[in-house]
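Please take a first look at the sequence and the fold, and then read on.

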Amino acid sequence: PDATDGDAGTDAPSDADEGEVQTTSHRLDEETEVTLALNPALISYLPFFVAQEKGYFADNNLSVKVIEYQGSANTQIPLIARGDIDFATAVTGPAIFSQFAEGFDVRLLAAVSEAREGWLDPSVLVVRRDVWDEQQLEDPSDLEGISIDAAAEGSPIDFLVRKALEAAGLTEGDVTLSYRGRTPADWQQLLANDVVEVAGMVEPVATQIESAGTGTRWLSYADVIPGYQETLLVASPDMAAKENVVLAFTNALLRAAQDVAESEGDWTEELLTIAADSTGLPTEVIEGMGPVPYSPPEGEVDVQALAEVQSFWLDAGLLQGEIEVADMVEEGVAARARPQEST
């Protein structure tokens, strides 16, 4: 359904005892229904789960209808571009740049994930267990001569593989590179059947494969691309024009990101319960992944880094032309939506 552009009233604090630090919100005057495309299996979407479960969207008078999907966030770009969905996530692969170049104008609002040491990365390279036991790979230079599957070309996993090679001063010619893995079953079979020695994949699949004894988790973004913002919050062109609704939605998400940041990377009982209820994953699998995924509470999109990612894909031959990356970003949304503390 189409979202109504309710007028935002004066920023009102959430309920708190007098004298406590309070967090302001961007509450809409009228209840407004919006749609959000989300893959519930991905633990990196924790801030969305927190915002929904803790009522942060409801605090801002937003009724969020979650449209669940499986697979890559890239599958949602045509839907968000057409306005079939109001909000979604996008990964910083060729598709997000191409849609803008083709005139679809999906808008980037805020950063959802960021690679940081001591926090969980959503993508990881997994080494086949026998290879790990025999070779004990230590740094990206050990990839030389290795067979690697990078999932889909232009995917975040592909970006991780290519950046790992770049960090080691290696080229694609120094490894045997394939793009076969598309699903968790594919990743498991590629390693279990000795098709490749290293496979890129997402969490929680990497942890599950490690627990099954098939592989060992190794390199992730924080190891080769610290600060990389893999996932961004996006809005359809029509929704982006409804400034008050965008600020209300982004504010709720950043409130949740603040809660996650306060965990300092450790799973609290509350976060663990929300993650398990939202993803359907057993708590032992979630804890087995290690720390909490990091979502920058300030929410700012790193435009310069995004431009560098575009240049990377241009050099890889996966983009036809260059765009002005800053033109895709709704400037100032994160700063204006960010929860402000007052006493």
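This is a predicted model: local features need pLDDT of at least 70, side-chain atom pairs count only at pLDDT 80 or more; totals for chains, interfaces and linings use all residues.

A residue is called buried when its relative accessible area is under 20%, exposed when that area is over 50%, and partly exposed in between.

## A sheet of five strands

Let us start with the sheet. It is an open one, built from five strands in the order E8-E7-E9-E6-E10, and the pairing is mixed. Strand E8 (176–178) and strand E10 (215–220) are the edge strands, each pairing on one side only. On average, neighbouring strands of this sheet are turned by 30 degrees against each other, direction ignored.

Strands of a sheet pair through backbone hydrogen bonds, and they can do so in a parallel or an antiparallel way. Both kinds can be found around E9. Strand E6 (residues 123–128) and strand E9 (residues 198–202) pair in the antiparallel sense, over five bridges. Here Leu 125 stands opposite Gly 200 of E9, and Val 126 stands opposite Ala 199. E7 and E9, in turn, pair in the parallel sense over two bridges, with Val 198 of E9 as the bridge partner of Ile 148.

How many residues of E9 are buried? Five of the five are, so this strand is largely enclosed by the rest of the structure. Both of its faces are covered: Val 198, Gly 200 and Val 202 lie on one side, Ala 199 and Met 201 on the other, and all are buried.

Which strands do the helices touch? Helix H6 (residues 156–167) packs on the sheet and touches E6, strand E7 (147–149), E8, E9 and E10. The direction of H6 makes about 70 degrees with that of E6. Helix H7 (residues 184–192) also packs on the sheet, touching E6, E7 and E9. The direction of H7 makes about 160 degrees with that of E9.

## A lysine in helix H6

Is Lys 163 buried or exposed? Its relative accessibility is 17%, so Lys 163 counts as buried, given that the cut-off for buried is under 20%.

The side chain of Lys 163 makes a polar contact of 2.7 Å with the side chain of Glu 166. Not counting residues up to four places away in sequence, Lys 163 touches Val 224, Ile 225 and Phe 312.

## Two crossing helices

Next comes a pair of helices. The axes of helix H1 (residues 46–53) and helix H12 (residues 269–279) come within 9 Å and cross at roughly 100 degrees. That angle makes H1 roughly perpendicular to H12.

From H1, the contact is made by Leu 46, Phe 49, Val 50 and Glu 53. From H12, Leu 271, Ile 274, Ala 275, Ser 278 and Thr 279 take part. Sorted by class, the contact of H1 with H12 has six nonpolar, two polar and one charged residues.

## An aspartate in a loop

Our last stop is Asp 84, in the loop between helix H3 (77–82) and strand E4 (87–91). Asp 84 is partly exposed, with a relative accessible area of 46%. A polar contact of 2.8 Å joins its side chain to that of Arg 82.

Leaving aside neighbours within four places in sequence, Asp 84 is in contact with Thr 35 and Leu 79. Asp 84 and Thr 35 are 49 residues apart along the chain, and their C-alpha atoms are separated by 8.6 Å.

Methods. Residues are numbered from 1 along each chain as its sequence is written. Side-chain values use heavy atoms; hydrogens and water are left out. Two strands pair if DSSP finds at least two bridges between them. Helices (H or I, at least four residues) and strands (E, at least two) are DSSP runs, numbered from the N terminus. Axes are lines fitted to C-alpha atoms, for helices over the stretch in contact, and angles run from 0 to 180 degrees between N-to-C directions. Contact means heavy atoms within 4.5 Å. Buried means under 20% relative accessible area, exposed over 50%, partly exposed in between (1.4 Å probe, protein chains only). A polar contact is a pair of N or O atoms within 3.5 Å; within protein, one must be able to donate a hydrogen and the other to accept it, and residues adjacent in sequence count only if both atoms are side-chain atoms. Angles under 35 degrees count as roughly parallel, over 145 as roughly antiparallel, 65 to 115 as roughly perpendicular and the rest as oblique. Ala, Val, Leu, Ile, Met, Phe, Trp, Tyr, Cys and Pro count as nonpolar, Asp, Glu, Lys and Arg as charged, and the others, Gly among them, as polar.
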